Amino acid sequence: MRPINIHEKLGKFDKQWHPHQIATVDNMQVLLAKVSGEFVWHSHKDEDELFFVQKGVLEMRFRESGNPEKEWSETVHQGEIIVVPKGVEHCPTTKDGEEVHLLLFEKLSTAHTGEVTNAKTQTDYPKI
């Protein structure tokens, strides 16, 4: 039951697309991540995800279920959140190599890249 300094925690790691756990709340986890470039198209069948942009601008790309040609994106600016509902295929992206800092809130059971396995897939989130 102590305050957590997010900026201090972000200074403890540099690896991109590798979330670090800073807290748990019931069956939820609070993660910090540094990201740059394009991630992996994926979805989470049974879990929602909340992304809070701490620094930078995130482009959250979406695909329509059953129609992968129908794609759109939402721009999430510093200080804003976006919730990706369960089952929605998405791909977080940054522009021009910008590093974006994120706070994520999701169930402990949420797999990093859903059912997709990729070189960026992480199975262990270090606790910092």
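Predicted model: local features only at pLDDT ≥ 70, side-chain atom pairs only at ≥ 80, totals over all residues.
A residue counts as buried when its relative accessible area is under 20%. Four of the five residues of E7 are buried, so the strand is largely enclosed by the rest of the structure.

Strand E7 belongs to an open sheet of three strands. The order is E5-E4-E7, and the pairing is antiparallel. Strand E5 (67-77) and strand E7 (89-93) stand at the edges. Each has a single partner strand, so one side of each lacks a neighbour in the sheet. Neighbouring strands of this sheet are turned by 20 degrees against each other on average, direction ignored. E4 and E7 run antiparallel and are joined by five bridges. Glutamate 59 stands opposite threonine 93 in E7. Phenylalanine 62 has histidine 90 in E7 as its bridge partner.

A second open sheet holds five strands, in the order E1-E2-E8-E3-E6. Here, too, the pairing is antiparallel. E1 and E6 are the edge strands, and each pairs on one side only. From one strand to the next, the twist averages 25 degrees. Six bridges link E3 and E8 in the antiparallel sense. Phenylalanine 52 has leucine 103 in E8 as its bridge partner. In a regular strand, side chains alternate between the two faces of the sheet.

The nonpolar residues were examined next. The largest nonpolar core has 18 residues. Those with the most contacts inside this core are Val35, Phe51, Leu58, Met60 and Leu102. Which residues does phenylalanine 51 contact, leaving aside its neighbours within four places in sequence? The contacts are Leu58, Met60, Glu80, Ile81, Ile82, Val84, Pro92, Leu102, Leu103 and Leu104.

Histidine 42 lies in the loop between E2 and E3. Is histidine 42 buried or exposed? Its relative accessible area is 3%. The cut-off for buried is under 20%, so histidine 42 is buried. The side chain of histidine 42 reaches the backbone oxygen of valine 40 at 2.6 Å. A polar contact of 3.3 Å also joins the side chains of histidine 42 and histidine 44. Beyond its neighbours within four places in sequence, histidine 42 is in contact with Glu49, Val88, Glu89, His90, Pro92, His112, Thr113, Gly114 and Val116.

Aromatic rings were then searched for pairs. A pair of aromatic rings is described by the distance of the centres and the angle of the planes. The whole structure contains two aromatic pairs. One of them joins tryptophan 17 and phenylalanine 39. The centres of this pair lie 4.5 Å apart, with 15 degrees between the planes. Planes under 30 degrees apart count as stacked, so this pair is stacked. Tryptophan 17 lies in the loop between helix H1 (6-10) and strand E1 (20-25), whereas phenylalanine 39 lies in the loop between E2 and E3. The pair therefore ties together parts that are 22 residues apart in sequence. Both tryptophan 17 and phenylalanine 39 are buried.

Key: Residues numbered from 1 in each chain as written. Heavy atoms only, no water. Core = buried A, V, L, I, M, F, W, Y, C linked by side-chain atoms within 4.5 Å. Buried < 20%, exposed > 50% of the residue type's maximum accessible area, 1.4 Å probe, protein only. Contact = heavy atoms within 4.5 Å. Pairing = 2+ DSSP bridges. Helix = DSSP H or I, 4+ residues; strand = E, 2+ residues; numbered from the N terminus. Axes fitted to C-alpha atoms, helices over the stretch in contact; angles between N-to-C directions. Polar contact = N/O pair within 3.5 Å; in protein donor to acceptor, adjacent residues only side chain to side chain. Phe/Tyr/Trp six-rings, centres within 6.5 Å; stacked < 30°, edge-to-face > 60°.
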